[in-house]
Amino acid sequence: MSYSEEELQQLEDQFLGLQEKCNDLCSLYLEREFRSERAKEFVCHGLCRRMSLMARCIEKVFEVLPPDCQDVPDSDVIHDVTVHLQAFVFNTYGCLDNLAHIWVLENDVKEDNGRLIRREWVGLGSKYKTVWDSLPKVFTDYLSEIADWYKDVENFRHALAHRIPLYIPPGYLTDEKALEYNDIQMRINDAVRRRDFEAAELLEDEQAALLSFHPIATHSFDENSKMLYFHAQMLSDFHTVREIASRLLPCFDR
């Protein structure tokens, strides 16, 4: 177990009522009268659908691999969690893009030459200057405060889509156990060469008992990407997206 008792309690508190919080936010957006039909589509079939999927991904990860799990999961569990984690990352970034599109469409944001803004120019980050300049300062001030978080979300999404997908290491070894692990591996190899598969299987069980599990995900080791405790990160990302959407909503009435 990698979480302390206090951290486990915090995770439980953040997990409670997840779907209800999602529904409350979506209701606020769905109840608002947007002028643009295209903006309404981004609200209904973009933002709200993605938020619901994010909540479901978190629920499934907590169900399949609870934060207080102390055993090394089998490969099927790791694969299932990875699938939900990857879907979560895509939809987290997608929510941010959807919010940007809703803002652009509802406020008729255009390029300096008066033309419709190009799709690749639409986003909530400061690098999307045309959109950024059209947003109220109180909102961009908040986005500036969470700029590091936005950068991390963008990095993990782009790595997943274009470079190295998210990966959950199946287990960890202490330095003391590494030598024993390697010694058993040599004995496994020898058993396989002798075609003594029963002995090899027993040795594999002995080897697996040396591993410990940490609920961590990353993408590229060569890029020195961040190691994320995925239960905590998913909850944090969900609540941050919800906060961003909540803060943007009153900006439409300015």
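**Close-up 1. Glu59 and the residues it touches.** In this predicted model, Glu59 touches Phe15 and Gln19, leaving aside anything up to four places away in sequence. Glu59 itself is found in helix α3.

**Close-up 2. Helix α2 packing with helix α3.** Here we have α2 (residues 18–31) and α3 (residues 37–64), packed at an angle of about 175 degrees. Their axes sit 10 Å apart. Angles over 145 degrees count as roughly antiparallel, and α2 and α3 are therefore roughly antiparallel to each other.

**Close-up 3. Who meets whom between α2 and α3.** From the α2 side come Leu18, Gln19, Cys22, Leu25, Cys26, Tyr29 and Leu30. They meet a set of residues in α3 that includes Val43, Cys44, Leu47, Cys48, Met51 and Glu59. Sort the residues of this contact by type and you get 13 nonpolar, two polar and two charged.

Close-up 4. Side chains of opposite charge can pair when their charged atoms come close. In this view, the side chains of Glu41 and Arg38 meet in a salt bridge, at 2.5 Å from N to O. The two residues are three apart in helix α3, so about one helical turn separates Glu41 and Arg38. For the model, the salt bridge count comes to 18.

Close-up 5. Tyr167, Phe221 and Met227 make a nonpolar surface patch of about 310 Å². As for Phe221, look for it in the loop between β1 (216–217) and β2 (228–229).

Methods
Residues numbered from 1 in each chain as written. Predicted model: local features only at pLDDT ≥ 70, side-chain atom pairs only at ≥ 80, totals over all residues. Heavy atoms only, no water. Axes fitted to C-alpha atoms, helices over the stretch in contact; angles between N-to-C directions. Helix = DSSP H or I, 4+ residues; strand = E, 2+ residues; numbered from the N terminus. Parallel < 35°, antiparallel > 145°, perpendicular 65-115°, else oblique. Contact = heavy atoms within 4.5 Å. Nonpolar A, V, L, I, M, F, W, Y, C, P; charged D, E, K, R; others polar. Patch = residues over 30% accessible without salt bridge, like charges linked within 9 Å, V, L, I, M, F, W, Y side chains within 5 Å. Areas by Shrake-Rupley, 256 points an atom, 1.4 Å probe, with all protein chains shown as cover. Salt bridge = Lys/Arg side-chain N within 4 Å of Asp/Glu carboxyl O.
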